[in-house]
Amino acid sequence: MSRSIQMVPGLLALAVAAALPAQAGVTDADLVAGNKYTSGVLSAGIGTQGQRFSPLAKVNTGNVGNLVPVWSFSFGGEKQRGQESQPVIYNGKMFVTASYSRIFAIDATTGNQLWKYEHRLPDGIMPCCDVVNRGAALYDNLVIFGTLDAHLIALNQDTGKVVWDEKLDDYKAGHSYTSAPTIAKGLVLTGISGGEFGVVGRVDARDAKTGKLVWTRPTVEGHMGFKDGKENGISGETNKTWPGDLWKQGGAATWNNFTYDPETNLVYAGTGNPAPWNSHLRPGDNLYSSSTVAINVDTGKIVWSYQSTPHDGWDFDGVNEFVNFDYVKDGKTIKAGAKADRNGFFFVNDRTNGKLLNAFPFVDKITWAKSIDLNTGRPVYVDDNRPGAPIEAAEGHKGKMVFSAPSFLGGKNQQPMAFSPDTGLFYVPANEWGMEIWNEPVGYKKGAAYLGAGFTIKTINDKYIGALRAMDPVSGKKVWEITNNAPLWGGVLATHGGLVFYGTPEGFLKAVDAKTGKELWKFQTGTGVVAPPVAWEQNGEEYIAVVSGWGGAVPLWGGDVAKKVNFLNQGGSVWVFKLFNGQNSASADSATLAASH
Ligand code: CA
């Protein structure tokens with residue numbers, strides 16, 4: 001090593017420059033630069049705006065056929081299950097979370113493990129929908145991730161030592177944490193999972209360096225917010241959109257990734273279903289369930305909210321990511337945000353004030369509403385297709401069963417879409433499926449499922465469930481689609497190279513032409529992909545990575561669909577790819593060695 005350094009002083013300088021970051025740690029400025037920061041991937045969503053777009057073009061439509069694996073890393077362990085994590089990459093290190101609240105630091109060039117942290121989980125954790133985690137956040141020299149027993153943990157990026165560990169809430173009441181935290185202005189912003197157990201959703205802001213709580217904002221109307229340990233106003237107006245006492249266990253869990261826009265200074269959090277599922281118990285809109293809630297990062301107060309499913313009765317969580325993007329209309333730049341909702345509609349809102357700008361279906365079959373009225377911003381319901389109230393005289397007191405599409409697993413679920421500013425299109429990993437759903441009597445009991453409903457997921461057609469769709473947010477038109485036999489449950493990456501990358505439960509990572517949807521490359525990872533790919537640049541080359549490991553909500557709750565995909569094998573690994581340049585990295589190392597002797 002030392003001899004080779006003496007022989008090539010120019011290379012040494014380069015190596016030192018590459019090894020030492022320009023600054024001591026990840027800063028707010030780095031995070032706000034978002035996808036322009038190409039020498040790593042600093043946050044979930046590839047930038048706080050959540051576009052999942054990489055401006056890199058070294059891998060492009062002309063050469064993507066030459067993409068080859070560089071390394072693969074196994075999470076190991078006896079327990080595998082669903083791997084929904086997006087890696088983050090900084091200073092040559094990849095940080096990736098895995099099932100059962102594990103996190104690994106890996107050398108991004110070699111794939112060698114640097115350290116790992118396995119959180120000790122108590123018996124009795126209650127994740128509703130598999131033991132997943134969607135990724136970590138980076139700030140300063142910390143890597144921060146949440147656990148299934150509802151802790152938030154910050155580790156030193158270099159050593160893996162725990163710097164702080166904060167309890168978010170009581171796992172015995174059904175709280176857990178599965179999403180990737182968001183960083184804004186030195187605050188780490190988190191939500192909470194547990195809507196199926198009647199927890200109350202909220203957004204918490206903590207000092208990212210110390211973990212100290214700064215503010216908390218409940219997402220169920222009637223609950224008090226706090227800032228610096230003092231009362232900071234009730235969310236909404238008690239009992240305005242909720243009758244009686246049900247708001248006290250009102251759900252609206254904030255369980256998926258948020259986005260943050262530095263220009264509006266708002267964090268956009270999606271909220272889940274109102275609890276319980278049986279809507280007849282809670283007349284009213286039940287704010288702020290099944291909504292996008294925009295909160296001022298400084299004040300911890302709600303600036304606007306938009307409810308995609310008022311008075312939800314189908315478990316149409318509104319948690320899907322609200323992606324910030326701009327478009328030009330009549331010569332004016334519109335600051336917008338878009339969400340492909342579980343309920344089957346694609347919503348475009350003004351991200352400064354929440355005003356609905358456009359709404360259109362992105363799935364073929366929607367039974368619960370005819371359309372979204374752009375004037376009122378509200379759905380035009382099909383009243384007959386709401387599951388009925390429980391019937392006293394019926395067997396099991398079951399109410400009228402209805403067939404509903406989409407199913408509660410959603411036209412889209414946690415798998416994040418991508419937006420390309422080059423094409424102006426959103427790439428939506430959609431699913432076509434329905435459910436039979438009925439209501440039953442229910443009462444709240446701490447730590448017990450709080451649904452008041454039963455269901456069976458149904459396929460709609462034999463040919464496919466998944467469909468990757470290129471959607472125009474302005475015209476509402478579907479530009480192209482690629483159908484997929486199994487439901488799509490991984491996310492999407494779009495690049496300036498004119499490519500769209502996505503994974504399938506059948507195990508493939510695929511690259512397609514962003515303009516046409518033509519498949520240009522695919523690679524079998526050995527187990528289902530239910531996580532979103534990333535791209536970054538190191539050593540002058542563009543790298544693509546994706547986590548592979550079948551699982552998530554589908555095999556647990558999928559009914560007929562689960563039977564259709566039960567042949568898929570579990571696993572848990574990271575795959576990293578780059579263009580084949582005539583020599584793989586191992587032979588490149590030997591060449592360097594040979595030159596040095
Ligand atoms: Ca839910």
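Donors here are N, O and S atoms within 2.8 Å of the metal, or within 3.2 Å for Na, K and Ca. Keep in mind that this is a predicted model.

**Stop one: the calcium ion.** Select Glu-196, Asn-273, Asp-315 and Asp-317, which coordinate the calcium ion at 2.3 to 3.2 Å. Along the sequence, the donor residues follow the spacing E-x76-N-x41-D-x1-D. Now colour two loops: Glu-196 sits between strand S12 (187-190) and strand S13 (202-207), and Asp-315 between strand S20 (302-307) and strand S21 (323-329). That pair is 119 residues apart, so it links distant parts of the chain.

Why is the arrangement called irregular? Because the six donor atoms subtend angles of 43 to 160° around the ion.

Are Glu-196 and Asp-315 buried or exposed? Buried means under 20% relative accessible area, so Glu-196 at 14% counts as buried, and so does Asp-315 at 2%.

**Stop two: a hairpin.** Select residues 508-513 (S36) and 519-524 (S37), antiparallel strands joined by five bridges. Click Lys-510 and look across to its bridge partner, Lys-522. In the turn, find Gly-517, with a positive phi of about 85°.

Of its 26 lining residues, select the closest to the centre: Ala-44, Gly-45, Gln-86, Asn-257 and Phe-258. The lining divides into 11 nonpolar, 11 polar and four charged residues.

Technical notes:
Residues are numbered from 1 along each chain as its sequence is written. This is a predicted model: local features need pLDDT of at least 70, side-chain atom pairs count only at pLDDT 80 or more; totals for chains, interfaces and linings use all residues. Side-chain values use heavy atoms; hydrogens and water are left out. Four donors count as tetrahedral if all angles lie between 85 and 135 degrees; four count as square planar and six as octahedral if opposite donors are over 155 degrees apart and all others between 65 and 115; anything else is irregular. Helices (H or I, at least four residues) and strands (E, at least two) are DSSP runs, numbered from the N terminus. Buried means under 20% relative accessible area, exposed over 50%, partly exposed in between (1.4 Å probe, protein chains only). Two strands pair if DSSP finds at least two bridges between them. On a 1 Å grid over the protein atoms alone, a cavity is a set of points where a 1.4 Å probe fits but cannot get out, and a pocket is an open set with protein on both sides within 12 Å along at least five of seven lines; lining residues have an atom within 4 Å of a point. Ala, Val, Leu, Ile, Met, Phe, Trp, Tyr, Cys and Pro count as nonpolar, Asp, Glu, Lys and Arg as charged, and the others, Gly among them, as polar.
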